[in-house]
Amino acid sequence: MRGATFDLQTMTPAVDRRIFAVLGPTNTGKTHLAIERMLGHRSGMIGFPLRLLARENYDRIAELKGRAKVALVTGEEKIIPPNPQFFVCTVESMPLDREVDFLAVDEIQLCADPERGHVFTNRLLHARGAEETMFLGSETIRPLLRRLVPEAEFIQRTRFSRLTYAGHKKLTRLPPRSAVVAFSTTDVYEMAELLRRQRGGTAVVLGALSPRTRNAQVGMYQAGEVDYLVATDAIGMGLNMDIDHVAFARLAKFDGQVVRRLRAPEVAQIAGRAGRHMADGTFGTTEDAGTMDDELVQAVESHSFDPLPSLMWRNSDLDFADARRLLKSLERPPPCRELRRAPEADDQQALAVLAQDPEIARIARTPDRTRLLWEVCQIPDFRKVLSDAHTRLLRRIYRQLTGPAERLERDWVADQIVRLDRTDGDIDALVTRIAHVRTWTYISHRADWLAEPRRWQEAARAIEDRLSDALHERLTQRFVDRRSTVLAKSLKGTRDLIGAVGRDGEVLVEGEYVGRLDGLAFMPDVSVHEEDARALLAASRRALRDEIAARVRRLEADDDEAFTLDDLGVIRWSGHPVARLAAGPDPLTPAVKVSRNDLLETDARDRIEARLRAWTGSRIQAALGPLFALRSAGFTGGARGIAFQLWEGLGSASRTALEPLIRSLDKTGRRALAKAGVRLGAVQVYLPSLLKPRAVAMRGLLWAVANGLPLPAPLPAEGSQSVAVAEGVPPDFYRAIGYVPAGRRAIRADRLEALGIAAGRLYRSGPFAADPELAQLAGLPAAELGDALTALGYRAVVDDSGVALWRRRPAKKRNPPARRPAPLREDSPFAKLRALGGQGR
């Protein structure tokens, strides 16, 4: 399909093709007509506003024509047989370089949408079938479509059934087969909980759900397992269900900028879900939303709305000379008054951020590299927040695609995808993972970016399916909990719930299992819904009161051997996690945070914290005893400052940073530090006794806790003289555990010192060649010895024979400190002369 050449001044297409605008409200058979027309041609393409709609109609067309003749093209899914005749797509993914006889775009009124409207407008102006083009949508676009596409022939469709206003009702008195619509996840959950308690259950539909989860929830409603559906305005498009009544729980929504009243066309789009084909439907409000005004009701019932004032537009004739010119071309103003420049979309915002990166700006200086940058910026963030994390992902993808391999690194892709293959967590956690994996599903369909695209497509799709199934299960458990029916009568009554504790720790409420007691923590059954959990937790607290008090006393009295500390800073008592370390007043004095536990009273929590704080302090002191001795040694002057810096640095400090203090040391101070075990190395000041594995492990953990991070890299194995520096790990981490970063390796401080001594001996005879034996001293590969010598202050100089010799870098000249004049004795003649001079003045 070739895009028609379109002159916005004359509004005349260059090619004479029949163009139809099929306009009307919901439930008028517009989509059915378009598909029927497309299948009457030799080839065709139709663009839908949602992946869900595209998939639904792909299945329908494939059943009629056979899968060998039909292709599905969306951002996250591509099924393309060798020679397809028909393409079913999302509007953004329509392959406009393919020539087809028939082309259609559904919901063309979305040209006015601030986020996606510019894409629909582009299709309206440029996408054409060789023989027939059809735009489907609302009557509100008619005036603008007539001006922009004057050759279009208009076909008006009328609704098959009537839609009438039914006033307002309490949420709990809505008739069966009702859909309740709100505009925030919080509201949806609250109303779904109420309907679950009062009506036994409800399906839930949110825009953030994957198509698979959404279909499963809708399927549950359609099958009659529940009589109610609670949803956001996501049901306004793409969901054909047997809904008799639509109830608006709110008549205002946040549109991304402000909270505003719903517009009449928005109300109609959602209310139109009620009554399908020839069955009439009703719409209204819940009690909290109040009543709709007469004007709004009249507009919705008669499908009469104000025409759209303008359509969103973004320049598609882009300049790919470099990133700066690409941004400028995106900001080009529209060519006519009917069009309005669209707000910056996510891809444009991402481009603006990445273009400020000096490295990316340097790479994107050719049309090919700039075009690639634009394609990377169009990777969607399905969380719809354009976070820093998403921008970092785009930056890394672009750097890899412009690297030597020009492909995404296989191991990195595997790590990114596999880490999402977890079905634990609550509804929000699963929704977030699905959003992430949908982004990777999109990336996996860029075959030119990956070495094995089919493998990653299948992996991402399988993970999305597993997560979607788990999310459907969580939603069903939360909003259609079979157990809640057992407790419903008790929850409605005025009496307290009865709780009991079994010998094996099982907690029962009203005879129903609700969780277990694990150490001090009550672990509720994952299938207990939040609303029920409040009452159930209260009963559990009563049942566990005596048991919890006894366990707290036992914890206080237990020996130190009952406690352990893992490398994540979690403190366990008899194997059960009870607290964690957190940043404290200084690295060696971390705070102890008792794990959140609704069963613990404040007094019990304080007693536990005191016991664990005492145990933690003794454990740290046992591992880092020399450091504590250093702190209490009573040093003065420069020695005291050095001791303080070593305390803050967990036993290590840079020689450069301490140089002023070291120069100020007198012999007494040096001897005192040496006696305390401090080594004033050429590069690092450290305590050799803290380089043992036990001390290194504690230092690493305390550094991570003080910085609020997990351990950024594995700790060195016992006896390691040097380790490879892990990518992205702060150098301060290695210094804190007694290793000195030198190029690609971090060298244990004592081994770097030994290397410095050996190199110094060689240098007594002049510049020297790098000897593999020197590398062995520091546990280094011979190829990385140079970085260590550089860290020690040497530089390589190539002599006349081409051999690299190492010599010390010349020290920076320092002005000698001004000498203070010696005090004059009173009987000195100079003192008398000074006194006479004072009298002369």
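**Aromatic pairs, strand hairpins and a loop residue**

Tyr794 is buried, with a relative accessible area of 2%. This value, like the others here, comes from a predicted model. In total, nine aromatic pairs are counted. One of them joins Tyr165 and Phe283, whose ring centres are 5.5 Å apart. Their planes meet at 50 degrees, so this pair is classed as tilted. The two residues come from distant parts of the chain, 118 residues apart. Tyr165 lies in strand S11 (residues 163-169), and Phe283 lies in strand S18. Tyr165 is partly exposed, because its relative accessibility is 24% and the buried class ends under 20%. Phe283, at 0% relative accessibility, is buried.

A second pair brings Tyr794 back into view. Its ring centre is 5.9 Å from that of Tyr763. The planes stand at 80 degrees, and the pair is therefore edge-to-face. Tyr763 belongs to helix H26 (residues 749-763), while Tyr794 belongs to strand S36 (residues 794-798). The pair thus ties together parts that are 31 residues apart in sequence. Tyr763 is partly exposed, at 21% relative accessibility. Tyr794, by contrast, is buried.

Elsewhere, Trp703, Phe733 and Tyr734 make up one aromatic cluster. Aromatic rings also meet arginine side chains. Arg438 sits over the face of Phe382, 4.3 Å from the ring centre. Arg631 sits over the face of Trp647, at 4.0 Å from the ring centre.

Strand S26 (residues 570-573) runs antiparallel to strand S27 (residues 576-586), with four bridges between them. Within this pairing, Val570 has Arg580 of S27 as its bridge partner. The two strands form a hairpin with two residues between them. One turn residue, Ser574, has a positive phi of about 50 degrees. S27 also pairs in the antiparallel sense with strand S28 (residues 589-594), over five bridges. Here Asp586 stands opposite Thr589 in S28. S27 and S28 again form a hairpin, with two residues between them. In a regular strand, side chains alternate between the two faces of the sheet.

Beyond its neighbours within four places in sequence, Ala289 contacts Phe248, Ala249, Arg250 and Leu251.

Terms used:
Residues are numbered from 1 along each chain as its sequence is written. This is a predicted model: local features need pLDDT of at least 70, side-chain atom pairs count only at pLDDT 80 or more; totals for chains, interfaces and linings use all residues. Side-chain values use heavy atoms; hydrogens and water are left out. Contact means heavy atoms within 4.5 Å. Rings of Phe, Tyr and Trp (its six-membered ring) pair if their centres lie within 6.5 Å; planes under 30 degrees apart count as stacked, over 60 as edge-to-face and the rest as tilted. Buried means under 20% relative accessible area, exposed over 50%, partly exposed in between (1.4 Å probe, protein chains only). A charge sits over a ring if NZ of Lys or CZ of Arg is within 6 Å of the ring centre and within 35 degrees of the ring normal. Two strands pair if DSSP finds at least two bridges between them.
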